Amino acid sequence: MQHVEVAGSLLNVLPWFAWIALVAILSGAVSGIVKMIITHRERMAMIRCGMDPDAPHRKPVYEDAEI
């Protein structure tokens with residue numbers, strides 16, 4: 001019976017709009033973590049296939065050379 005009282009008191013500590021903000025912050029954090037995991041897995045898959053994952057972002061060397 002004490003567990004029900006503790007849970008009820010925790011729900012009443014914060015007003016309803018604070019719960020909305022709390023849920024928004026937590027869902028944003030979870031979304032960021034999932035995005036990082038997916039990006040890491042894609043990068044590891046590219047490396048396993050022998051591709052350079054940084055190649056599209058890297059500036060070609062020959063653009064700096066003066067002819």
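**View 1. The aromatic pair.** A search of the whole structure, which is a predicted model, finds one aromatic pair, where rings of Phe, Tyr and Trp (its six-membered ring) pair if their centres lie within 6.5 Å, with planes under 30 degrees apart counted as stacked, over 60 as edge-to-face and the rest as tilted. The partners are Trp 16 and Phe 17, whose edge-to-face arrangement has 5.8 Å from centre to centre and 85 degrees between the planes. Trp 16 counts as exposed at 63% relative accessibility, and Phe 17 is exposed as well, with a relative accessible area of 52%; here buried means under 20% relative accessible area, exposed over 50%, and partly exposed in between (1.4 Å probe, protein chains only).

**View 2. The salt bridge between Arg 43 and Asp 54.** The structure holds one salt bridge, defined as a side-chain nitrogen of Lys or Arg within 4 Å of a carboxyl oxygen of Asp or Glu. The closest N and O atoms of Arg 43 and Asp 54 are 3.1 Å apart. Because Arg 43 lies in helix α2 (residues 16-48) and Asp 54 in the segment after α2, the pair ties together parts that are 11 residues apart in sequence. Both partners are partly exposed, Arg 43 with a relative accessible area of 34% and Asp 54 with 29%.

**View 3. Helix α2 and the residue Gly 50.** At 1.5 Å a residue, the 33 residues of α2 should span 48 Å, which agrees with the 48 Å between its end C-alpha atoms; the expected span is 1.5 Å times one less than the number of residues. Just after α2, Gly 50 takes a positive phi of about 85 degrees.

**View 4. A nonpolar surface patch.** Val 13, Leu 14, Leu 22 and Leu 26 form this patch, with about 350 Å² of accessible area together. Patches are made of residues with over 30% relative accessible area and no salt bridge, nonpolar side chains (Val, Leu, Ile, Met, Phe, Trp, Tyr) being joined within 5 Å and like charges within 9 Å. Leu 22, found in helix α2, is partly exposed at 34% relative accessible area.

**Notes.** Residues are numbered from 1 along each chain as its sequence is written, and side-chain values use heavy atoms, with hydrogens and water left out. In this predicted model, local features need pLDDT of at least 70 and side-chain atom pairs count only at pLDDT 80 or more, while totals for chains, interfaces and linings use all residues.

Notes
Helix = DSSP H or I, 4+ residues; strand = E, 2+ residues; numbered from the N terminus. Areas by Shrake-Rupley, 256 points an atom, 1.4 Å probe, with all protein chains shown as cover.
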